[in-house]
Structure formats: C-alpha cells, structure tokens
Amino acid sequence: MQIYLPIAEVSVNAFLLLGLGGLVGVLSGMFGVGGGFLITPLLFFVGIPPAVAVATSTNQIVASSFSALLAHLKRKNVDIRMGWVLLLGGMAGSAAGIVVFNYLKSLGQVDLLVQLCYVVFLGVIGGLMFIEALRALRRSKSGTVVRKRRERTLMHKLPLKMRFRTSGLYISVIPPVVVGFFVGVLAAIMGVGGGFIMVPAMIYLLGMPTKVVVGTSLFQIIFVSGFTTLLHATTNYTVDIVLAVLLLVGGVVGAQFGTTIGMKMKAEQLRFLLAALVLAVCGKLALDLLIEPSERYSIAVYQGQ
Amino acid sequence: MVRWLIFLLLLALPARAEQVVLGLSHSEVSITADFNGSELLIFGAVKREAPMADLPLQVIVTVAGPSQALTVFRKDHTGGIWRNASGVTMDRAPSFYALASSAPLDDILSRSENLRHDITIKRAIRAVGISGKAGGVGEFREALIRLRTREGLYQVLEGEVSFREQTLFRTAITMPANLTEGTYTTRIFLIRDQEVVNWVSSPIEVRKVGLERFLFTLSREQSLVYGLLSIAIAIAAGWGASTAFRMLRNG
C-alpha cells in the first residue's frame, strides 16, 4: 500500500515503513539504544530526503524509547536519579551541539563531518565493546568467575558525591554530568539520541551495572530526542508526522518484543551483539567514504524558497 | 503573374495563421494520502482559417513543475576519501519536466527557437554559482538531468505525440508519485520548418488535499503545535503499546 508523505513529498510503501520501525524497535528494546544511528541511514535508503529523515527519526526514537522505558520501569531497571543527572549535562550539551552544528553548516561540509563522526565514534565504541564482550563471553564459557575489584578511581575522589541506590554507586556527580554533556553535543551533531555512546559510557566510565544501564539510557534519550524533534519542527519544518506515525507503530510493538528478548539474554551476549551491530554500521559508512561511489553526483534542494 | 501571386499570399498571411486549441484531461491534480502518481492526457487541435501550407506541422508539448533552487554536488577523491568536493548551484531548475514531440526534436526545432522559448530540459535549467573545482557547468547539468530522469521527474518523449491529419494531436504524460506541490505549466508549440508558428500555455494546479493539506499547513503555520503534537503522538503510542502488551501477557 503506497502512502504519500505530506512533508517529505514522496510516496512510499506503508508496510515497508512499519517493518523498518519494527526492526529498529526490537533493537531499541534489546539494547537501550534509540536506534537513530540505524533508522536514519535506512530512511535515506528508502528514498526519504535526508533532512526529513534526520528530523523524523528523532520523533520515532521518542516513541520506541518510551515504550521500552515503561517495560524497564516495571522491572525497576531504571536509575531515575542518575537519569536526571545525565539529562542535566545532556540538555546543556545538545544546546551547545546545535551551536556547533550551525557553525559547521555555515562553513559547508557538514555532511562529511557528520559522516566522519559516525565512523570514528561507532568504530571506536564498537571495537572496544566487541573486544570486551568477547573476553567476557570466553570467561563465562570457561567457567572461571573473575570478581570485579572495586577500584577507587578519580570518580570516588571528586567532590559533590551522591548515592545512586539503583546502580549501587556512591560517586561524584561531576563524571555523569560531563558524560551527559559530551553525549548531548554528539547527539545534536549526529542527529541521534546518543544511546550507543551513552550505554558504553555508563558501563565503562561510570561503572553502572548493565541491566540498569539500558533503562537509564532510555530515560535520558526520550528527553534529548523530544527536545531535538521540537527544534527541527520549529526551525526546519522537516518533521513528517505521517512518516513518524508509521515508523512508531512498528517501533513501539518492536520495542516490547525487544525488551523481552533482552531480558532472556546474558549481559555479555547483549553487549557482544550491540558491538557487532555498531561495527557493521560503521563499516558500511566507512566503505561509502573509501570506495568510489557508483553515482558521484547528488542533488540538494533548498528547503522553502 | 507569379509575382502577383506571391504578393497576394503575403497579404493573406495573417488570416492563414494557425492556432492551437488545448485540452487537458484535468487541470487539477489532488495529492491525497494514497496518491500514487497521475496520468495527464493532453490533447488539442489546430484551428486554421486557410488551407494548409505545404510543409507539415509538428507539435511539441511540455509540462513544467514549479522551479527550485538547488545545488548539484560531485564527490571527488581527496585526502583518501570520497566527499562532496565541488558543486554547482542551479538558480532555478524545474522540479518536474516532461517534453513530448511528434518527431525527433533535432529535426523539428531550430536552436534559436529553442533559445527563445526554453523548450528543452537543458534550457529550462539555469545555473549560477560554481564552488570548488567544478570545471564545466555542463557536466553538472547533465548529472542533474540524468538523476531526475532516473526518478521519472524529467522525461523526454520524442515522437510520443500522435498528430492526425495535421489537425488533431494527443499525448499522455505520466506524473510520478513524488510530485512537488505548486502550479505546473503546460505549453503546446506548433512548429513548421523549425520555427514556432503558434503556442499556448495552460496551468495545472497540483495541490495536497484533505489530511495532507491540513498537516502541511499546520507544520508551516503552527510549527510549535505541530512539534508538540508529534511528540504527544509518540508518547501516546509508546504508552499504548506498553499497556497493550502488559494486558496481553496478563491474559
């Protein structure tokens, strides 16, 4: 069934969009990532204009993240206090990120920078997670349980300490605020919720337990991507509500399945799969930069004359 | 005697002028939610008040969508990666352009007449700025035409106008689903001996209607409301799915 999208001004198959939304929703529920880094390139592929794809996917992220968050809240897997602290940094970061983004836009070449950002961050994070998860998997297979030593790091020496009961942490609020800010900047520049950066940052930098990380990441993604949606809707008029509804109907259903699948899997397996996914997307984007494209020309129409 | 005849013929010229009468299957295209392209039937007749001349007439039909300003980028291999290194800005390029003729264009249309009336797609595109090491504009214009032809947005249908008895003509133009809203212009040219004898134009309104219209207007005029509505729908859908699943699980 073909459907005409009022803002994107293209006609697309409705079932294809439902399927895309569903697929990304499953991943979102499993890993606690909004799925922005997946859905945006997928929408390009279907033929949605890039500006509309970027803006609309943020709206779809709100929906699937909210659906998944509710499932996690039920299981008490969300550290709300940590979520607010991260969000505080995140909001400041995304505001700063938009300033940086507009500055880069005035210089031109913003597309290239976004692409490079994707390749570098997806590559580094995916690579690190992959190696770590592979080790963890081997360890759990060989049966020897290595107890994690509670190291006293910088995190414990900084002032402004706060107790995060759900995560079982008593650390300074400075590192989470900084992490939130940094992710906010990247999220604004790359047009994603930032889950794929947030999740590993919480595990490896803040030392939060994996089960809590997913729900907490979703909590802050909802606010950051909701904020971004509003910004896109009011400044660029590029949020396509019909496209968003189709994606999110698939997305919210997918997210529920994803959460169930995620609960049945081991934390190491989850991390391993997420790492593989991140690396695959990174590889695809890197190849686009390195291999001579079959079509060297592209058209950019100025929105609203 | 012969001279007199020629003189008389010259005198009679205005009366002998041929005029096009144009008909369209519809002068409005409504874009609804299930819009999947549209076929436009263009037909007409040649009205003449004197006997036909010796040289045969030819017909060219063009349909042009609203003009856009756009940039055509080219990826170049610099610093080890392929990136958009050069671009040409087109001051105006039609978002849709179809050209149908009763015979191969090169045979029936002179260069000067093409320049005067901007008939071919190439002439309908105006390029202005060049950035980077673009080289020639022509290459970029050709790329634009190639890309849009692939999407069905630019069409050249040589020989697709059926022209009967030098009087009745008709052609069908398929408009794709990814149409831009606006006023489209249909033009019919009557051509004899590579010169335009007469031409007419007629507008076609392509408009979003119903829900499509409502959402589009809302997004432009009440963008904050539209943005909040999008988020509200997202939250409601997320909550709805979550609740529905819980109920399913609990039986």
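An open sheet of four strands in chain B has the order β1-β3-β11-β10, with antiparallel pairing. Its edge strands are β1 (18–24) and β10 (162–164) of chain B, each of which pairs on one side only. Direction ignored, neighbouring strands of this sheet are turned by 20° against each other on average. The model is predicted. Chain B also holds an open sheet of six strands, and 46 residues of chain A are in contact with 46 residues of chain B.

**The six-strand sheet of chain B**

- The order of this open sheet is β2-β13-β12-β4-β7-β9 (chain B), and the pairing is mixed.
- β2 and β9 (154–157) of chain B stand at the edges with a single partner strand each, so one side of each has no neighbour in the sheet.
- From one strand to the next, the twist averages 15°.
- Inside the order, strand β4 (residues 57–64) of chain B and strand β7 (residues 97–101) of chain B run antiparallel and are joined by five bridges.
- Ile60(B) has Ser101(B) in β7(B) as its bridge partner.

**Domains of chain B**

- Chain B is divided into domain 1 (15–208) and domain 2 (209–251).
- The centres of domain 1 of chain B and domain 2 of chain B, taken over C-alpha atoms, are separated by 40 Å.
- Six residues from domain 1 of chain B and six residues from domain 2 of chain B make up the contact.
- On the domain 1 side of this contact, the elements that give two or more residues are β2 (28–31) and β13 (195–208) of chain B.
- That side of domain 1 of chain B divides by class into two nonpolar, two polar and two charged residues.

**Contact between the chains**

- The contact takes 46 residues of chain A and 46 residues of chain B.
- On the side of chain A, the elements that give two or more residues are the strands β1 (2–5), β2 (10–13) and β5 (297–301) and the helices α3 (50–74), α5 (110–142), α9 (210–235), α10 (241–264) and α11 (267–290).
- α10(A) gives the largest share of that side, nine residues.
- By class, the side of chain A that touches chain B has 31 nonpolar, 11 polar and four charged residues.
- A strand pairing links the two chains: β5(A) and strand β5 (residues 67–78) of chain B pair in the antiparallel sense over five bridges.
- In this pairing, Ala300(A) stands opposite Thr71(B) in β5(B).

**A hairpin in chain A**

- β1(A) and β2(A), both of which give residues to the side that touches chain B, pair in the antiparallel sense over four bridges.
- Gln2(A) stands opposite Asn13(A) in β2(A).
- Four residues lie between the strands of this hairpin, and Glu9(A) takes a positive phi near 60°.

**Helix packing in chain A: α7 with α8**

- The axes of helix α7 (residues 174–190) of chain A and α8(A) come within 10 Å and cross at roughly 160°.
- With angles over 145 degrees counted as roughly antiparallel, α7(A) and α8(A) are therefore roughly antiparallel to each other.
- The crossing of α7(A) and α8(A) is right-handed.
- Pro175(A), Val179(A), Val183(A) and Leu186(A) of α7(A) make the contact with Ile197(A), Met198(A), Ala201(A) and Leu205(A) of α8(A).
- By class, this contact has eight nonpolar, no polar and no charged residues.

**Helix packing in chain A: α8 with α9**

- Helix α8 (residues 195–205) of chain A and α9(A) have axes that come within 9 Å and cross at roughly 140°.
- α8(A) and α9(A) are therefore oblique to each other.
- This crossing, too, is right-handed.
- From α8(A), the residues are Gly195(A), Met198(A), Val199(A), Met202(A) and Ile203(A).
- They meet Thr210(A), Val213(A), Val214(A), Thr216(A), Ser217(A), Gln220(A) and Ile221(A) in α9(A).
- The residues of the contact of α8(A) with α9(A) divide into seven nonpolar, five polar and no charged.
- Met198(A) of α8(A) takes part in the contact with α7(A) and in the contact with α9(A).

Conventions. Residues numbered from 1 in each chain as written. Chains lettered and ligands numbered in written order. Predicted model: local features only at pLDDT ≥ 70, side-chain atom pairs only at ≥ 80, totals over all residues. Domains from an automatic or database assignment. Contact = placed C-beta atoms within 7 Å. Nonpolar A, V, L, I, M, F, W, Y, C, P; charged D, E, K, R; others polar. Pairing = 2+ DSSP bridges. Axes fitted to C-alpha atoms, helices over the stretch in contact; angles between N-to-C directions. Parallel < 35°, antiparallel > 145°, perpendicular 65-115°, else oblique. Left-handed = near helix turned anticlockwise from the far one by under 90°.
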